[in-house]
Amino acid sequence: MNSYQLAARPPSLIVQAQEPQRKILGRGGVIGFACRPVEYTEYIFLVHYDALAWNVRLRFSEFVEFDSAMRRNFTTAELQDVQRLPSKTYLGGNNSRELIAARKLELEEYLNSLSRSDAVMHSGLLKSFLAFPDEEALVEAREDALRPSTFLSVGAFATCRGCRAPLEGHRDEHLDARLCAVCARHTPSLSL
């Protein structure tokens with residue numbers, strides 16, 4: 001029986017912004033005599049941590065709550081390398097395409113800056129905010145990553161060996177199940 005050991009390297013956190021989505025939430029407040037729907041933007045991020053990848057959907061108000069809690073719970077020294085959260089409002093309104101596109105990139109930079117603080121990286125606050133998988137899934141993913149014959153797979157968090165994109169089940173028997181459909185079709189000679 002083989003014995004696998006975890007590599008002695010700190011886990012890495014990489015966050016990639018995806019295309020945000022505009023959402024409508026029921027009916028909002030009354031303006032004059034008419035009710036209008038409340039619109040908001042949901043920012044979507046692909047989170048890579050160690051050998052796992054998953055998507056998380058967050059509203060800007062959730063970032064504000066997280067940042068406030070983080071600044072209450074950590075010292076200035078612990079947060080010295082963490083970037084400031086983008087401002088809540090901009091001239092011209094909060095829902096313009098330009099604002100949403102700029103904010104998406106600023107939020108990606110903000111999230112990636114969190115990895116520069118050991119205190120934040122090891123906190124339950126960050127793990128809850130980014131919906132980290134449980135510790136058992138992380139250990140299993142690390143062990144799978146050390147096995148050369150396996151692909152990165154932990155339940156719903158399976159990722160492509162080629163591009164590390166989230167892997168969805170393939171129904172095409174001609175595709176390599178360890179690669180996403182794009183990689184399987186375009187890089188058939190990719191050595192695993």
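1. The expected span is 1.5 Å times one less than the number of residues. Helices here are DSSP runs of H or I with at least four residues, strands are runs of E with at least two, and both are numbered from the N terminus. Within α1, the buried residues are Phe 60, Phe 63, Phe 66, Asp 67, Ala 69 and Met 70. Buried denotes under 20% relative accessible area, exposed over 50%, and partly exposed the range in between, with a 1.4 Å probe and protein chains only.

2. The model is predicted: local features need pLDDT of at least 70, side-chain atom pairs count only at pLDDT 80 or more, and totals for chains, interfaces and linings use all residues. Residues are numbered from 1 along each chain as its sequence is written, and side-chain values use heavy atoms, with hydrogens and water left out.

3. The chain contains six helices and four strands, in the sequence order β-β-β-β-α-α-α-α-α-α. Of its 192 residues, 34% are buried. Where contacts (heavy atoms within 4.5 Å) join residues at least 6 apart in sequence, 52% of them link residues at least 24 apart.

4. Helix α2 covers residues 97-113, and its 17 residues reach 24 Å from first to last C-alpha, close to the 24 Å expected. Its buried residues are Leu 99, Ile 100, Arg 103, Lys 104, Leu 107, Tyr 110, Leu 111 and Ser 113. In an α-helix there are 3.6 residues a turn, so residues three or four places apart point the same way.

5. The largest nonpolar core holds 30 residues, and Phe 45 and Leu 130 have the most contacts inside it. At least two residues of this core come from each of β1 (13-17), β3, β4 (52-59), α1 (60-73), α2, α3 (118-121) and α4 (124-129). Such a core is a set of buried Ala, Val, Leu, Ile, Met, Phe, Trp, Tyr and Cys residues joined through side-chain atoms within 4.5 Å.

6. Six aromatic pairs are found in the whole structure. Rings of Phe, Tyr and Trp (its six-membered ring) pair if their centres lie within 6.5 Å; planes under 30 degrees apart are stacked, over 60 edge-to-face, and the rest tilted. Tyr 49 and Phe 132 are edge-to-face, at 4.8 Å centre to centre and 65° between the planes. This pair joins strand β3, which holds Tyr 49, to the loop between α4 and α5 (135-146), which holds Phe 132, across 83 residues. Trp 54 and Phe 132 are also edge-to-face, at 5.2 Å and 70°; Trp 54 lies in strand β4, 78 residues from Phe 132. Tyr 49 and Phe 132 are buried, as is Trp 54.

7. One aromatic cluster consists of Phe 45, Phe 63, Phe 66, Tyr 110 and Phe 129.

8. Two arginine residues sit over rings: Arg 59 over the face of Tyr 40, 3.8 Å from the ring centre, and the charged end of Arg 103 over Phe 60, 3.8 Å from its centre. The criterion requires NZ of Lys or CZ of Arg within 6 Å of the ring centre and within 35 degrees of the ring normal.

9. Val 38 lies in strand β3 (residues 34-49) and counts as partly exposed because its relative accessibility is 31%. Val 38 and Ile 24 are 14 residues apart in sequence and 5.7 Å apart in space, C-alpha to C-alpha.
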